[in-house]
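The sequence and structure are shown first.

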Amino acid sequence: MKLLSKKAMCNSHGQDSSYFLGWEEYEKNPYDEIRNPKGIIQMGLAENQLSFDLLESWLTQNPDAAAFKRNGDSIFRELALFQDYHGLPGFKDALVQFMSEIRGNKVSFDSNKLVLTAGATSANETLMFCLADPGDAFLLPTPYYPGFDRDLKWRTGAEIVPIQCTSSNGFRITESALEEAYRKAERRNLRVKGVLVTNPSNPLGTTLTKKELQLLLTFVSTKQIHLISDEIYSGTVFNSPKFVSAMEVLIENNYMYTEIWDRVHIVYSLSKDLGLPGFRVGAIYSNDDMVVSAATKMSSFGLISSQTQYLLSALLSDKKFTKNYVSENQKRLKKRHEMLVRGFKQIGIRCLESNAGLFCWVDMRHLLSSNTFDGEMELWKKIVYEVGLNISPGSSCHCTEPGWFRACFANMSEDTLNIAIQRLKAFVDSRDNKDDIQNQKHSNKKKSFSKWVFRLSFNERQRER
């Protein structure tokens with residue numbers, strides 16, 4: 001008799017993905033400048049550690065917030081006892097204002113339509129529970145965040161059907177790719193309930209254009225399905241074009257209060273924009289009252305602590321701080337991004353042109369032993385075990401083309417990033433040297449063969465004479 005449930009014993013969590021396996025190898029042998037200088041450098045983790053000093057400075061200047069005080073008096077007991085799954089009103093108000101600020105105040109959000117969740121992972125899964133039944137499908141453009149295989153499918157029973165995007169147009173979403181994905185779902189007898197996009201994209205580091213957003217809205221309107229726009233990287237846009245939210249395009253196209261107005265849902269988090277993944281702060285924003293009601297009830301399985309809400313409501317309400325933080329953080333991200341792109345370019349490795357995020361989408365197709373996913377895995381293992389870098393292979397992101405990798409740059413110091421670049425340079429140089437030796441051997445064999453043929457021909461002529 002089996003003592004565990006089918007869910008506990010199934011392997012649909014996605015833990016066997018190379019994305020997670022790379023993390024496991026890093027954890028066995030983590031790089032440390034002093035204690036383990038030959039360890040693996042973690043370039044597979046999209047964390048923003050570039051602006052902690054700004055947050056720590058604010059905490060020093062605002063000790064009451066961190067000490068759970070209001071006007072000098074402790075509210076520890078109040079916070080310790082409060083656990084309403086609707087959340088602290090002050091925090092929800094501050095969060096929607098921060099979301100508007102990041103979007104250039106072109107969009108305003110109503111805190112009554114916001115549902116708090118324990119991070120974006122919980123937000124995306126909760127939306128799946130609200131919008132899809134087991135066996136229903138969502139369409140996702142490739143490449144996409146490997147964790148979606150876990151977040152969207154594992155417990156909900158939903159299916160993912162890829163929208164195949166390619167490097168020929170910079171992995172942009174096209175109408176033909178959308179229609180083909182929809183037809184593929186139909187051929188599998190799957191009911192399509194919506195499209196989910198990350199904007200800015202993880203792993204591409206690019207923002208969706210207005211043209212793409214309008215295409216998506218037209219598509220979901222025609223098919224009468226939902227659109228989930230995961231916008232957790234919206235505050236990391238460090239270069240033009242600027243970030244455009246799905247909500248902004250809805251308003252510009254006068255979709256307010258039409259049938260599609262209730263079928264567009266936003267996911268947000270403070271994990272990337274503020275660099276606070278450990279605080280587990282996520283949110284769902286929806287104009288559909290039934291979705292808000294159902295998601296709020298489900299949020300009781302993953303609440304944000306009252307203490308976290310209180311602290312962050314004070315921080316986000318400080319408009320002078322948030323304005324300076326967003327601006328300075330984007331400058332630091334831009335500088336670090338340029339450092340990685342420049343360093344890789346000097347060793348002959350190109351990155352997809354990008355303007356957001358905490359990573360680059362790196363083209364290593366020329367380093368493959370064969371233009372296959374087996375060739376990609378062979379190269380990835382060499383980079384992890386021989387070079388000592390954990391980067392994420394494109395196949396873990398369901399990329400259709402072998403040889404692309406995601407490399408993160410914001411979760412380490414400049415010195416560590418420099419070491420990572422130098423390690424990769426040494427690897428590429430050693431491969432080039434081996435190729436030169438092989439080419440020289442091949443050339444020598446060709447010369448020897450030519451001489452042998454010449455001598456043979458000469459001797460034959462001599463005999464004929």
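How much space lies in the largest cavity? In this predicted model, the largest cavity holds about 190 Å³ of space. Its lining comprises 20 residues, and those closest to its centre are P141, T198, S201, L204 and L208. Strands β5 (137–141) and β7 each supply at least two residues of this lining, with β7 giving the largest share, 3 residues. By class, 12 of the lining residues are nonpolar, 6 are polar and 2 are charged.

The count of cavities of 30 Å³ or more comes to 2. About 50 Å³ of space lies in the second largest cavity. Which residues line the second largest cavity? They are Q83, D84, Y85, G87, L116, T117, G302, L303, I304 and Q309. This lining divides into 4 nonpolar, 5 polar and 1 charged residues.

T207 belongs to the loop between β7 (192–198) and α10 (210–223). Is T207 buried or exposed? Its relative accessible area is 3%, and T207 is therefore classed as buried, the cut-off for that class being under 20%. The side chain of T207 makes a polar contact of 3.1 Å with the side chain of N355. Leaving out residues up to four places away in sequence, T207 also touches residues from several parts of the chain, including R172, E212, V237, K242 and A356.

F171 lies in the loop between β6 (159–163) and α9 (175–187). With a relative accessibility of 4%, F171 likewise counts as buried. Beyond its neighbours within four places in sequence, F171 is in contact with T142, P143, C165, T166, L204, L352, W361, C399, E401 and W404. One of these contacts, L204, is also listed among the residues closest to the centre of the largest cavity. The C-alpha atoms of F171 and Q214, which are 43 residues apart along the chain, are separated by 17 Å.

L333 is located in helix α14, which covers residues 319–346. Why does L333 count as buried? Its relative accessibility is 0%, and buried means under 20%. The C-alpha atom of L333 is separated by 7.5 Å from that of L50, although the two residues are 283 residues apart along the chain. Apart from residues up to four places away in sequence, L333 touches N48, L50, T236, F238, G357, L358, F409 and A410.

I251 is found in helix α11, residues 246–252. Its relative accessibility of 30% makes I251 partly exposed, a class that falls between the 20% and 50% limits. I251 touches V107, M256 and W261 when residues up to four places away in sequence are not counted. For I251 and V107, 144 residues apart along the chain, the separation of the C-alpha atoms is 8.2 Å.

## Confidence of the prediction

The average pLDDT of the chain is 90, and 92% of the residues score at least 70. Where pLDDT is low, the predicted coordinates should not be read in detail.

Technical notes:
Residues are numbered from 1 along each chain as its sequence is written. This is a predicted model: local features need pLDDT of at least 70, side-chain atom pairs count only at pLDDT 80 or more; totals for chains, interfaces and linings use all residues. Side-chain values use heavy atoms; hydrogens and water are left out. pLDDT is the predictor's confidence in each residue, from 0 to 100. Helices (H or I, at least four residues) and strands (E, at least two) are DSSP runs, numbered from the N terminus. Buried means under 20% relative accessible area, exposed over 50%, partly exposed in between (1.4 Å probe, protein chains only). A polar contact is a pair of N or O atoms within 3.5 Å; within protein, one must be able to donate a hydrogen and the other to accept it, and residues adjacent in sequence count only if both atoms are side-chain atoms. Contact means heavy atoms within 4.5 Å. On a 1 Å grid over the protein atoms alone, a cavity is a set of points where a 1.4 Å probe fits but cannot get out, and a pocket is an open set with protein on both sides within 12 Å along at least five of seven lines; lining residues have an atom within 4 Å of a point. Grid points are joined across faces, edges and corners, and a volume is the space filled by probe spheres set on the points. Ala, Val, Leu, Ile, Met, Phe, Trp, Tyr, Cys and Pro count as nonpolar, Asp, Glu, Lys and Arg as charged, and the others, Gly among them, as polar.
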